[in-house]
Structure formats: C-alpha cells, structure tokens
Amino acid sequence: GQDICLDVAPHARRVLVSASKEKWMVSRLPGNVEQVPRIDRVDADGRIVFGDGSAVAADTIIWCTGYAYSYPFLNHRCGVTVDSASGRHVQPLYKHLVNALHPTMMFIGVPYTVVPFPFASLQAQYGQAVLDGRHALPSRADMARWQDDDLRRRLRLGYKLHEAHRMAEWQFEYARDMARCAE
C-alpha cells in the first residue's frame with residue numbers, strides 16, 4: 001500500500017492510508033498523506049468508519065490487502081508448494097528465489113516489505129548470474145538446509161509462518177548478497 005499511496009499522492013487532494021498495524025509506514029510521507037486507524041466498515045452511503053469511530057467520505061478506495069501466493073499453472077513435479085493455511089510460504093526456495101529442486105526455476109518478487117523494483121532487479125541479476133554460470137549454487141541439500149535455517153531463525157525471532165518471505169530490516173543485507181553474487 002505504501003508504494004501506491006506515494007504514487008497517488010501527487011494527483012490527490014488527500015490520501016488516507018489505513019493498515020492493520022499502527023504506524024507501519026516509517027518513511028516520511030507527503031503532506032497530503034495521513035495514516036489512519038484500520039477500517040472497521042464501509043457504510044452503504046460510502047462513508048468509511050475506522051476502528052476508533054472516526055469516519056470520512058471518500059471518492060475512491062484502493063484495497064491493498066496483500067496476497068496469497070498461487071501457482072496453479074505449475075506442474076506438481078516441480079516440487080514447489082505453498083503453505084495451504086496461510087498461502088504465504090513458498091518452498092523450497094533458496095534465498096527466497098531459486099527452486100532448490102529445479103535450480104533453473106526462479107521466483108522473482110516473492111519477498112515482501114522491500115523496495116520492490118530495485119529488489120526485483122537484483123533478484124533478476126542474481127538469477128542471470130546463476131543461469132550463465134557466473135555464480136555457482138550450493139548443492140540441493142545445502143539449499144534446502146538454507147531455507148530451513150532461515151525459517152527457524154525467523155520463527156525464533158517471533159515471525160509467523162506466513163511471514164516467511166518478509167524482508168523488512170533484512171532487505172538491505174539480502175540485496176547486498178544478491179549484488180555481490182551477481183557480479
């Protein structure tokens with residue numbers, strides 16, 4: 001939602017951003033962008049009522065609800081699965097990108113809470129380095145172990161399974177690693 005609100009802001013008189021987490025945007029926002037409490041409901045007349053009881057009338061609502069990963073076009077033999085309970089944990093992905101069972105299959109853009117376009121570009125460059133032989137991947141067993149270790153670390157830090165691909169504070173370390181390996 002943050003990317004979209006920043007794109008919309010220059011074209012709107014006022015942009016209200018509602019999220020399930022309080023003050024989730026840590027970046028400095030344009031003067032016409034305001035974080036508001038979570039939406040409780042939208043009334044029949046279009047009035048938006050927030051969790052704190054305040055309300056506004058809006059011209060447009062853009063729902064940025066996140067998404068569940070789904071790859072119905074993939075054959076099960078590729079080995080990629082998505083946790084059915086959350087729809088947010090794709091495995092077996094080495095570095096949240098490479099299918100550990102079929103290492104020429106890559107999933108660019110799975111990590112979230114990142115600076116999206118530069119992040120995806122670095123993943124693509126890393127993927128190209130793997131495919132053209134400039135970067136050698138570890139064994140399949142080591143790639144699977146990496147994913148297990150990464151998930152255990154996240155769970156130990158209080159992350160939930162549905163946050164398995166959340167980067168946030170780790171995105172810059174991850175990006176440096178992608179860039180180094182893509183050289």
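## Buried sites, salt bridges and a surface patch

At 10% relative accessibility, Lys95 counts as buried. Buried means a relative accessible area under 20%, exposed means over 50%, and partly exposed lies in between (1.4 Å probe, protein chains only). This is a predicted model, in which local features need pLDDT of at least 70, side-chain atom pairs count only at pLDDT 80 or more, and totals for chains, interfaces and linings use all residues. Residues are numbered from 1 along each chain as its sequence is written, and side-chain values use heavy atoms, with hydrogens and water left out.

Lys95 sits in the loop between strand 8 (93–94) and strand 9 (98–99). Helices (H or I, at least four residues) and strands (E, at least two) are DSSP runs, numbered from the N terminus. Leaving aside neighbours within four places in sequence, Lys95 is in contact with Gln123, Tyr126, Trp146, Tyr174, Asp177 and Met178. Contact means heavy atoms within 4.5 Å.

Ala100 is in the loop between strand 9 and helix 2 (116–131). Its relative accessibility is 2%, so Ala100 counts as buried. Ala100 touches Pro92, Arg140, Met143 and Ala144, not counting residues up to four places away in sequence. Val80 is 20 residues from Ala100 along the chain, and their C-alpha atoms are separated by 9.0 Å.

**The chain as a whole**

The protein chain has four helices and nine strands. From the N terminus on, the elements run α-β-β-β-β-β-β-β-β-β-α-α-α. The C-alpha atoms fill a box of roughly 55 × 35 × 35 Å along the principal axes. Of the 183 residues, 36% count as buried. Among contacts with a separation of 6 or more, 45% come from residues 24 or more positions apart.

The accessible surface comes to about 11,400 Å², and 53% of that belongs to carbon and sulfur atoms. Accessible areas come from the Shrake-Rupley method with a 1.4 Å probe; for residues, only the protein chains shown count as cover. The chain has 22 positive and 20 negative charges, with mean positions 3 Å apart. Lys and Arg count as positive, Asp and Glu as negative; His and the chain ends are not counted. Each charge is placed at NZ of Lys, CZ of Arg, CG of Asp or CD of Glu.

**Salt bridges**

The structure holds 11 salt bridges. A salt bridge is a side-chain nitrogen of Lys or Arg within 4 Å of a carboxyl oxygen of Asp or Glu.

Arg41 is partly exposed, with a relative accessible area of 39%. Arg47 is partly exposed as well, at 34%. Arg154 counts as buried at 1% relative accessibility, and Asp150 counts as buried at 7%. Arg154 and Asp150 are four residues apart in helix 3 (residues 140–156), so about one helical turn separates them. Elsewhere, salt bridges that share partners join Asp40, Arg41, Asp43 and Arg47 into one network.

**A nonpolar patch**

Val42, Ile61 and Trp63 make a nonpolar surface patch of about 290 Å². Patches are made of residues with over 30% relative accessible area and no salt bridge; like charges are joined within 9 Å, nonpolar side chains (Val, Leu, Ile, Met, Phe, Trp, Tyr) within 5 Å. Ile61 lies in the loop between strand 5 (55–57) and strand 6 (81–82). Ile61 is partly exposed, with a relative accessible area of 33%.
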